[in-house]
Amino acid sequence: MTEAAQTADALPVDPPAIAPERDLFSKFDALIAEREALMATGVRDPFAIVMEEVKSPTLAVIKGKETILLGTYNYMGMTFDPDVIQAGKDALDHFGSGTTGSRVLNGTYEPHKDCEEALKEFYGTKHAMVFSTGYQANLGMISTLAGKGEYIILDADSHASIYDGCALGNAEIVRFRHNSVEDLDKRLGRLPKEPGKLVVLEGVYSMLGDIAPLKEMVAVAKKHGCMILCDEAHGMGFFGEHGRGVFEEAGVSDDIDFVVGTFSKSVGTVGGFCVSNHPKFEVMRLVCRPYVFTASLPPSVVATAATSIRKLMHAGNKRAHLWENSRRLHGGLREMGFRLGTETPQSAIIAVILEDQAQAVAMWQALLEGGLYVNMARPPATPAGTYLLRCSLCAEHSAEQVETIIEMFRAAGRATGAIG
C-alpha cells in the first residue's frame, strides 16, 4: 500500500448526516397556543371536569359543590336503576371482572348472548351483534359493509365514528348537505347504478339536537337501490312507540337494513350494537375487524345493559316526562332570548349557541359556579365557527329542577352578556 493510501485510510471519516428530529406534535401548536391563552385568563378547563361523587342521574359533586347534571346523555336515567345495578353485581360475582378475549375466541359468555337477545326483543329483529363501544359499532359496520368499488353516502354533519368508519374502509365516499333530501337525491342520481351503495343516516344529530327527515330520505335511498344504516345513538329510548328511535317514529322500520346504537346514552352503561333482519348478517362476526380483534365487554357491563334494555321496553311514562322537560327548557331559553340549535324542541338535546369561544367559556363557567354542569362544544365537533353549550335532559330531572336550570341560565346569561 502506498504512503498516500495509508494516509487516506488514517483520515477520520465524517459520520453520515442525520436529519434533525421533526416534532410530530408541531401540527397541534396552534391549538396548544389557543388553549394556553384561554387558561391564562383564569377560566376552568371545560374539558377536564372531574366528578368526585355522583349521587343520582341528575346530581353530582364537582369541586366540593353539589351540581345539577345537564350534560351526561343519561337520557332515561338508568344508571342508578336498582335492577340494573343488581344485575351487574350478580354477573360480577358469577363471571368475574372481564373476559380477557375476543368474542370470536374466549370472550363470549352467557350475559353477552342474553344482551343480544334483549336487543332482538327490543327492536323486533332476527339478529343483534354487541360491540365493545358505540364508536366501534359504526367503525366496524361501515368499514365492513362497503368495500372497494362500492359507495358510502353520508350526511356532511355525520358523527366522527361514521367518518372514521369510512376512512377505515375502501369504499368511495359521497357527502350530501346536512338533512337535505334534495341533495341526497341529486348525488345518488349521479352515481353509477351497478355498484353497491350504503346510505348512512342518523336519527338525532348530537350537536344541535335536530332530527333527520328519515321518511323522505329513506324513500330516496330506496328509489336508488341503496341499503340503509341508521345510527340511533341519541334516539333510542324515547322516540317511537317502543322507544326504538326516530326511524320507528317515522314509520320506516321495514326499510332500514341496519340500526346501530350505543349503551352509553339511554341504556346507561357502555358498549355498542347493530341489529338487522338481513339473512346473511351473522357473517359479520367473522369479517368485521373492530368486532373480531378487540376484547369483549365485561360480563357485568352487558348484564346491566340487558336489564336496562328490557326495562326501556316499558318506559312510556319516562319518555313522556322527558318530552315535557325538553319542551319546558327549550321554551324557557327561547323566551329569555337565547339562540338555540332548533326552532322547536326536537329531542332531549338543546344547544345554546354563543357568539364565540370566549363567551361560550364564560357562560359555561358561570353556570358551573352556579351549580349546573353542561357540555361546551367547539370545532371540529361543531360546524366551523360555532361554539355552543349542549344541554342533555334526563327523564329523572324533576319539573322543579328544570325551573331551577332556567333561572341558572338567566343569571349566567345576564352576567356574561349573552342575553340582555
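Is Lys 311 buried, partly exposed or exposed? In this predicted model, Lys 311 has a relative accessibility of 30% and therefore counts as partly exposed. The side chain of Lys 311 forms a salt bridge with Asp 83, with the closest N and O atoms 2.8 Å apart. Asp 83 belongs to helix 3 (residues 82–95) and Lys 311 to helix 12 (residues 299–312), and the pair thus links parts of the chain that are 228 residues apart. Asp 83 is likewise partly exposed, at a relative accessibility of 43%.

This contact is one of 21 salt bridges that a search of the whole structure finds. Another joins the side chains of Glu 34 and Arg 378, with an N to O distance of 2.5 Å. Because Glu 34 lies in helix 2 (residues 29–40), while Arg 378 lies in the loop between strand 14 (375–377) and strand 15 (387–392), this pair ties together parts that are 344 residues apart in sequence. The two partners fall into separate accessibility classes: Glu 34 is partly exposed at 31%, whereas Arg 378, with a relative accessible area of 18%, is buried, since the buried class covers values under 20%.

Asp 45 is buried, with a relative accessible area of 14%, while Arg 35 is partly exposed, with a value of 44%. Beyond these pairs, salt bridges also form a network, in which Arg 103, Lys 113, Glu 116, Glu 282 and Arg 285 are linked.

The largest pocket has a volume of about 750 Å³, and 35 residues line it, of which His 159, Ala 160, Ser 206, Met 207 and Ala 381 lie nearest its centre. Helix 5 (134–145), helix 6 (160–168) and strand 9 (258–262) each supply at least two residues of this lining, and helix 6 gives the most, with 4 residues. Sorted by class, the lining of the largest pocket is made up of 14 nonpolar, 14 polar and 7 charged residues.

Key: Residues numbered from 1 in each chain as written. Predicted model: local features only at pLDDT ≥ 70, side-chain atom pairs only at ≥ 80, totals over all residues. Heavy atoms only, no water. 1 Å grid on protein atoms, 1.4 Å probe; cavity = no way out; pocket = protein on both sides within 12 Å on 5 of 7 lines; lining within 4 Å. Points joined across faces, edges and corners; volume = space filled by probe spheres on them. Nonpolar A, V, L, I, M, F, W, Y, C, P; charged D, E, K, R; others polar. Salt bridge = Lys/Arg side-chain N within 4 Å of Asp/Glu carboxyl O. Buried < 20%, exposed > 50% of the residue type's maximum accessible area, 1.4 Å probe, protein only.
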